[in-house]
Amino acid sequence: IKNICRNDNTDRIRNSCEEFLNGIYHVYIETEADVDKDFENDDPVQEEADKRAFIKDITDKVRKALMAHRNLCEDFADIFILCKLEVGVCASIEIQEGANAENVYVAVANRLRDFFSNVPRFYTLPQLLEKGKPIEDIFAGRPYSKQSHGFVDTQELESIELKKEIHTSDIFNAIFEVEGVRKVSKLELKNCGKDCVSFATEKNSYWKFHLPNNHIPVFSMDC
């Protein structure tokens with residue numbers, strides 16, 4: 001649990017499998033719960049037990065689902081729960097004349113949340129039919145269980161990639177996509193999640209931040 005992000009040996013394991021084996025996969029899970037924060041307890045023993053129970057439950061369910069639907073000669077080397085790294089953005093934004101400041105503020109916050117935390121969007125059947133999706137493609141992204149809701153656009157799902165780094169230029173572009181934004185200046189990326197993760201490393205600069213292994217950025221308004 002203490003080394004859940006596997007910063008020490010993930011690359012070694014991955015490289016070993018890529019060099020010698022085909023059909024062996026590493027599985028990365030992004031959970032709604034934040035393992036580092038959502039199980040905090042005054043009793044450290046109970047906190048550790050709750051984390052272990054959560055991790056075992058979700059990884060067992062994922063492995064069971066994968067094994068039930070795997071192809072011949074496919075297997076799964078390991079399952080990682082991705083750690084969340086809260087980040088924030090500081091910027092001065094000038095809006096266009098006549099634009100509603102409150103609406104622009106909310107739209108920028110939502111756009112940044114989508115940029116940092118790109119997650120699958122769920123659709124109803126009529127919505128995907130309106131997008132011109134063939135019925136066989138729609139049901140390829142059908143709900144998997146009773147707890148699932150809606151359908152996913154499989155093309156959108158496959159386009160989601162695990163971020164390795166964040167470019168400041170991409171943040172600028174994301175903000176400029178919001179209607180009503182005229183100018184953006186003094187933009188800074190803030191690390192508000194973990195004290196042990198510093199932005200001041202030799203890999204990082206104003207224009208590029210390398211994310212730690214097995215971490216995903218989560219936009220936070222509290223930074």
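This report looks at a helix pair and a pocket in a predicted model.

## Ground rules

Local features need pLDDT of at least 70 and side-chain atom pairs count only at pLDDT 80 or more, while totals for chains, interfaces and linings use all residues. Residues are numbered from 1 along each chain as its sequence is written, and side-chain values use heavy atoms, with hydrogens and water left out.

## How α3 meets α7

Helix α3 (residues 101–116) packs against helix α7 (residues 168–176) at about 140°, with the axes 9 Å apart. Helices here are DSSP runs of H or I, at least four residues, and angles run from 0 to 180 degrees between N-to-C directions of axes fitted to C-alpha atoms over the stretch in contact.

By class, that's 7 nonpolar, no polar and 2 charged residues.

## The second largest pocket

The second largest pocket holds about 290 Å³ of space, the volume being what is filled by probe spheres set on the grid points. A pocket is an open set of points on a 1 Å grid where a 1.4 Å probe fits, with protein on both sides within 12 Å along at least five of seven lines; lining residues have an atom within 4 Å of a point.

Its lining has 17 residues, with Val89, Ile93, Tyr105, Val108 and Leu112 nearest the centre.

Notes: Helices (H or I, at least four residues) and strands (E, at least two) are DSSP runs, numbered from the N terminus. Ala, Val, Leu, Ile, Met, Phe, Trp, Tyr, Cys and Pro count as nonpolar, Asp, Glu, Lys and Arg as charged, and the others, Gly among them, as polar.
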